[in-house]
Amino acid sequence: MNTKRILLTCCLLGLGAAHSEAVPPAKVAFEGGRIIPVVGEEIAKGTLLIEHGKITAVGKKVEIPYDAMVIDVSGKVLFPGMISPHTWRGLDRPNENLPVAPYLDVYDAIDPSSLSFEDALRDGVLAVHVIQGNNCVIGGVSRVVRPIGRTPDEMTIKPSIALKLSTSPKTGSERMSQMAAMREAFLELAYYLENLAEARYEAELKKENKEVDVHPEEARTRGRELIRDEDLDDKHRNLVKLKDGRVDAWIYCGAATDVAPAIETAKRNGFLEHTVLVLGTEAYRAVKELRAVGRPVVLPEVLVHQERDPITGELNETFIPKVIHDAGLLYALQPNPSSSLAERFLTYQAARCVRHGIPRRAALKAITLNPAKILGIDDQLGSLEVGKTGNVVILSGDPLDFNTWVEKAYIDGILAYDRAKDERLKVLLGLKKRQREKEKQEKDKQEEEEKKETGEQEEKKEEEPSKKKSTQSPSGENR
Amino acid sequence: MTINSTKRRLFSIVFALVPWVSASWVGAGEVGHLAFRVGKVITMDNKNLVLNNAVVLVSGGEIEKVGLARDIAIPEGYTLIDKPEHWLVPGLVEAHNHAAGSMGDLHDYVYLTNPGLRTLAALAPESENAKRGRAGGVTTALMISGSGNNLSGFGTLTKLAGKNVDEMLIRSPGCVKISQAGNPERYWYGVGRSFMYYNLRQTLEKALAYHRMWERYEKGETTKKPEFDLFWHDFREVFDREIISLIHTQWYQVVMSSVDMLAKKLKMRIVLGHSTFEAYKTAPLVIEQGDIYTSNGPRQIYFDRRQRKIMGNAARWWQGGVRKLGVNTDSPVVPQEELSFQAAMACHYGWRPYEALRGITRIPAETLTLENRVGSIEEGKDADLGLWTGDPIDPRCACELTVIDGRIVYDASVRREF
């Protein structure tokens with residue numbers, strides 16, 4: 001045992017020496033910061049302990065193990081890693097040119113080198129739900145990833161979260177053909193399953209050297225339970241999982257008129273209990289229908305719906321989250337990276353909710369715990385609670401304060417982002433340029449001073465001989 | 001056969017009668033006895049041996065003897081090529097060529113993946129491109145179909161000389177050509193990576209199932225002989241790892257997927273066929289896999305907008321620890337004869353000259369699984385040689401004489417091409 005341990009230590013030391021890099025510590029304690037756990041009360045000055053990637057203690061007074069690395073975060077704010085609930089960014093394109101393609105998986109197209117993941121880290125978003133875009137009838141399956149890693153496998157937090165569906169017409173189609181394609185997909189699935197069930201029943205009887213002795217309809221009923229996962233082909237596998245509740249449906253409703261067909265589709269095919277509605281700007285108007293089914297919703301990137309009265313020309317604005325909040329629905333906010341405004345920050349989206357009368361606590365949940373719940377990962381993420389994954393953002397101030405920066409981000413208790421080392425941010429903010437200018441100024445100043453000094457010295461040098469002369473001459477005279 | 005041997009005899013007589021013409025006879029195509037006495041021989045053997053003032057004897061299309069001039073006497077009957085200031089290097093090997101054929105048959109767009117197609121059908125003997133190639137010292141090439149679809153068929157391993165296809169041919173199929181992404185996107189109304197990768201995996205899994213079916217039969221696990229299927233049969237060698245899979249792949253995500261899907265999961269013997277842009281960042285993944293060869297080209301540089309820096313691709317791959325590294329021309333994208341310039345470019349942007357020379361001889365030979373025949377000057381190997389006025393990596397140097405299978409196929413003293 002001892003020799004083994006020594007060997008291991010030697011190996012580790014050797015490794016450390018070769019790379020001169022410290023191994024990420026297994027235990028990290030953040031001491032002296034203000035903790036916003038999202039669940040439970042805020043702690044004005046407390047400690048958060050992460051051991052082996054999991055949060056093991058949060059509180060005012062926490063006993064820190066001797067082998068934990070202690071990080072002083074006094075004056076800073078600890079906040080759970082935020083969650084981007086719905087984005088196609090990180091893929092090569094939002095959708096394929098195929099109306100019904102439930103066999104696709106974002107796994108194939110996730111690009112770990114995409115800048116959108118780096119931006120997510122920079123903005124304190126430590127889990128990203130990558131899902132195909134809205135331009136489809138049925139798209140592929142999605143997954144939740146960490147915004148860091150060399151491959152999608154390394155990044156994955158949870159695969160096969162949901163299938164993307166849309167009741168809003170895909171480019172080139174109208175609502176009639178959109179819904180016809182949707183109906184066709186599920187009718188074809190039913191037809192496929194009937195045939196498969198019959199074949200399975202027949203195959204099982206054949207094992208016992210028996211032949212089908214019942215009406216085909218009865219054979220189909222009996223065979224339905226005999227269908228195993230390996231019997232299903234790629235085209236139908238995910239749709240069957242959807243009906244079984246093993247994969248969720250995220251249905252995009254671009255407008256209010258698309259909400260009822262979405263609910264209808266989910267109800268008819270038996271997956272309403274596993275449905276999340278992704279709302280377009282105008283879809284909030286179907287709030288009655290939404291409240292009636294009580295399913296979670298993902299809010300549009302643009303939070304304000306503007307509408308001009310066609311007769312009076314008067315402009316009416318509706319703040320969408322408030323309508324949804326008042327309806328008592330579970331909702332998540334999306335960032336809007338394509339906006340040149342601050343909408344790209346989830347914290348800004350939450351701050352605007354507060355401005356429009358949503359309680360602070362609810363607004364903070366809409367960027368952390370709510371998306372975790374909607375994605376079914378709230379046992380791991382979404383709040384700073386004992387037992388959850390150590391995904392923590394260290395903020396320079398209150399999350400809803402516009403002057404606040406993400407200072408550091410820890411994923412699984414390992415440092416994943418450090419603003420002090422964010423070279424690109426420095427370039428973006430012109431800090432590098434400013435630094436260079438400052439250095440140049442200092443250099444010029446120094447050179448000038450040196451010049452002055454050397455100039456003075458030269459003058460002195462020039463003076464010196466005359467002095468010598470003057471001193472010499474009298475002495476000479478003296479001689 | 002008899003006609004051939006009569007011809008040969010006739011040629012020998014001609015040679016015997018006019019010996020002074022022999023060295024400058026281009027296209028005579030006779031396998032003779034050649035003796036090179038040169039200033040330097042870069043052998044590119046396992047020990048990286050470099051011989052100064054050395055002799056290389058060639059007979060019967062093979063390299064007979066390699067050694068120092070003081071140790072080897074030139075036997076009688078050998079045509080002496082005495083160039084005390086020249087370098088003798090192995091014939092250059094091109095791992096990515098589209099131009100050894102008719103040029104009109106780059107690929108057939110039947111489906112997005114096209115098993116069953118072979119570039120052998122388009123191979124053209126004594127094409128202008130082959131001639132240009134050997135004037136640049138290139139003697140062996142892998143001729144592959146284009147990258148317009150995800151799987152464009154099977155490539156051909158060929159020498160760049162021969163009167164007919166049989167004479168040129170080394171092996172067909174010599175590889176399967178797969179395009180991971182970056183061109184097949186234009187198929188149909190446009191396809192993305194999620195569909196392309198899914199579809200490619202489907203095709204390969206079907207091919208693998210066919211291969212497994214035959215394997216079971218051959219191992220005696222079943223007595224039922226599978227039906228022969230021309231469409232899938234060429235894939236048997238792919239999954240046996242007998243032939244390589246040449247992958248058109250570049251950028252981080254795409255190379256990452258090639259390594260993961262094809263090498264790691266489907267256990268294919270892959271070659272990264274372009275590996276350009278910021279693909280060198282996948283070096284740790286490539287090294288982890290261990291057996292992957294990287295053939296970089298035609299682009300030798302990449303402008304990294306994030307860092308605002310010009311990156312030399314080969315140098316960056318090398319820096320990342322990748323050692324199974326060569327360069328290619330993607331001929332005709334870069335003309336075949338400029339393979340040595342590709343290596344020079346790689347060096348201009350930070351690679352090492354000796355490694356670059358190895359990257360157009362020994363390494364591509366290993367890449368193409370031909371290291372037992374070409375890519376180095378060793379006794380018993382094919383007599384594929386280039387006589388250069390100096391270091392081939394130095395762009396001021398030219399190839400003076402090219403030999404393929406013991407035949408002089410280019411001689412600058414008769415007609416200088418470049």
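**Figure 1. Thr151(A) sits in a loop of chain A, in a predicted model.** The loop that holds Thr151(A) runs between strand 9 (143-145) and helix 3 (152-155) of chain A. Thr151(A) has a relative accessible area of 15%. Buried means under 20%, so Thr151(A) counts as buried. Which residues does Thr151(A) touch, leaving out those up to four places away in sequence? They are Pro112(A), Met256(B) and Leu285(B). Pro112(A) belongs to chain A, and Met256(B) and Leu285(B) belong to chain B.

**Figure 2. Chain A is assigned two domains.** Domain 1 is made of two stretches, 16-80 and 383-439. Domain 2 covers 82-381. The C-alpha centres of domain 1 of chain A and domain 2 of chain A are 32 Å apart. Where the domains meet, 30 residues of domain 1 of chain A and 28 residues of domain 2 of chain A take part in the contact.

**Figure 3. Chain A contains 14 helices and 20 strands.** Its C-alpha trace spans about 145 × 85 × 45 Å along the principal axes. The radius of gyration of chain A is 32 Å, whereas a compact globule of 479 residues would have one near 23 Å. Buried residues make up 46% of the 479 residues of chain A. Of the contacts in chain A between residues at least 6 apart in sequence, 63% link residues at least 24 apart. The accessible surface of chain A is about 25,300 Å², and carbon and sulfur atoms account for 51% of it. Chain A carries 70 positive and 76 negative side chains, and the centres of these two sets are 3 Å apart.

**Figure 4. Chain B contains 12 helices and 17 strands.** The radius of gyration of chain B is 22 Å, close to the 22 Å that the globule rule gives for 418 residues, so chain B is as compact as a globular protein of that length. Along the principal axes, the C-alpha trace of chain B spans about 65 × 60 × 40 Å. Of the 418 residues in chain B, 58% are buried. Among contacts in chain B with a separation of 6 or more, 67% are between residues 24 or more positions apart. Chain B exposes about 17,700 Å², with 51% supplied by carbon and sulfur atoms. There are 50 positive and 47 negative charges in chain B, and their mean positions are 5 Å apart.

Figure 5. Pro298(B) is in the loop between strand 11 (293-296) and strand 12 (301-304) of chain B. Pro332(B) is in the loop between strand 14 (325-327) and helix 10 (339-348) of chain B.

**Figure 6. Asn183(B) and Phe277(B) have positive phi values, although neither is a glycine.** For Asn183(B), phi is near 135 degrees. Asn183(B) lies in the loop between strand 8 (169-179) and helix 4 (193-218) of chain B. Is Asn183(B) buried or partly exposed? Its relative accessibility is 26%, so Asn183(B) counts as partly exposed. For Phe277(B), phi is about 55 degrees. The loop that holds Phe277(B) lies between strand 10 (270-272) and helix 8 (283-289) of chain B.

Terms used. Residues are numbered from 1 along each chain as its sequence is written. Chains are lettered from A and ligands numbered from 1 in the order in which they are written. This is a predicted model: local features need pLDDT of at least 70, side-chain atom pairs count only at pLDDT 80 or more; totals for chains, interfaces and linings use all residues. Side-chain values use heavy atoms; hydrogens and water are left out. Helices (H or I, at least four residues) and strands (E, at least two) are DSSP runs, numbered from the N terminus. The radius of gyration is taken over C-alpha atoms; the globule rule is 2.2 Å times the number of residues to the power 0.38. Buried means under 20% relative accessible area, exposed over 50%, partly exposed in between (1.4 Å probe, protein chains only). Contact means heavy atoms within 4.5 Å. Accessible areas come from the Shrake-Rupley method with a 1.4 Å probe; for residues, only the protein chains shown count as cover. Lys and Arg count as positive and Asp and Glu as negative; His and the chain ends are not counted. The place of a charge is taken as NZ of Lys, CZ of Arg, CG of Asp or CD of Glu. Domain bounds come from an automatic or database domain assignment.
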